[in-house]
Amino acid sequence: MNEIQPGLGRALLSVVLCSIVLSSAPAVAEDEEELEVGRWYRSLEAGLLLTQSSFSDNWAGGDRGQFSWAVLGRGELKSQMTDQWNWQNNLKLAYGKTSQQDEDGNYSKPSKSTDRVDLESILRGTLGYVLDPFASVRIESQFEDASDPQNRESLLFNPVFIKESLGVAHDFLPQENRQLLVRFGGAFRQALRTQYQFDDPMDETTVTEIGTDGGVELVIDYNDVYSEEKYSWTSKLTLYQALFYSEKSSFEDLDFTLGDNAIVDPDVADFTTTLDIDWENVFTAQINEYLNLNLYVRFVYDKYDTSVEPLLDETGELTNAATVASAIRKAGQFKQTLALGLTYRFF
């Protein structure tokens, strides 16, 4: 995948914004009413996705069998608490693994295929202005961190991102089953990561660091439910422009000709304050009470994972150069899954 160029990035964002705004064009159905003041609206569902394939030893084409599974969870709790204040909470959980057959027909050790912990809470004013104030807190993590380039033991719930945002917002569709919420404001983020201190695969010494950055953020949340809740579309676009990063000066002072420092891109300091893009879409078709078809599409552009901080020895050489190098992602990342699975809606 080629790196996103600035002009192309702006064009992409324009198309994205237009498509989301136009998606709200259809008229509201007569039975859709605005949120009732004082009432709590809640939803919680869990799903299991399974995929299995196998082939005989003489199967032409060299295909390999595989088995994969994923457990998904999604919840929402929201209320128009008073005429002036709305509170919304969203939870997303996902974890899954995949195992593939080798040439001898044996299945390999399962590797992680999906992993996510995402909790967001938004308190928003509904004062009737074009733009109302909001404050939010978002916590993101994963159950298992298997990103170590030396393939050492995975670390649990690592890293953890905590982001506080404050700004203005407007909900163009304040209804029970529809929402087009646009938020803009300042954001401050902390990244807590435990990482292996040295690149030596035999050394399992770990260190926990806290990095901080801050900037401005635009978030567009779109949710819609169609045809008596048989079909749904959830979309979330997040644009985050960091204005500072606590470890940027450490990268700027690095001598990239020194030892293992040479494997790191010398422009890494600039990468830490590049625009981040995260656009996630989930399309769901409820076939019956327990069976659904789920299409998940996500695009991420994060040029440097700021939870990975540079660790230096007394000579100024990186002790975690391989980890720093693996945290650089110059091209956008794309993920797509289409699955038929079991789901249970608790309420």
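A salt bridge here is a side-chain nitrogen of Lys or Arg within 4 Å of a carboxyl oxygen of Asp or Glu, and by this rule the count comes to 23 salt bridges. The model is predicted, with local features needing pLDDT of at least 70 and side-chain atom pairs counting only at pLDDT 80 or more, while totals for chains, interfaces and linings use all residues. Residues are numbered from 1 along each chain as its sequence is written, and side-chain values use heavy atoms, leaving out hydrogens and water.

View A. Twelve strands form a closed barrel in the order 1-2-3-4-5-8-9-10-11-12-13-14, with antiparallel pairing (strands are DSSP runs of E of at least two residues, numbered from the N terminus; two strands pair if DSSP finds at least two bridges between them). Strand 1 (residues 40-53) pairs with strand 2 (residues 66-79) over 14 bridges, and five bridges join strand 1 to strand 14 (residues 333-345), where Glu45 stands opposite Arg345.

**View B. The salt bridge of Lys236 and Glu120.** The side chains of Lys236 and Glu120 meet at 2.9 Å, N to O, linking strand 11 (residues 231-245) with strand 4 (residues 111-125) across 116 residues. Lys236 is buried, with a relative accessible area of 7%, and Glu120 is likewise buried at 7% (buried means under 20% relative accessible area, with a 1.4 Å probe and protein chains only).

**View C. The salt bridge of Arg298 and Asp278.** The closest N and O atoms of Arg298 and Asp278 are 2.6 Å apart, and the pair links strand 13 to strand 12 (residues 276-286), 20 residues apart. Both Arg298 and Asp278 are buried.

How values were computed. Helices (H or I, at least four residues) and strands (E, at least two) are DSSP runs, numbered from the N terminus. Buried means under 20% relative accessible area, exposed over 50%, partly exposed in between (1.4 Å probe, protein chains only).
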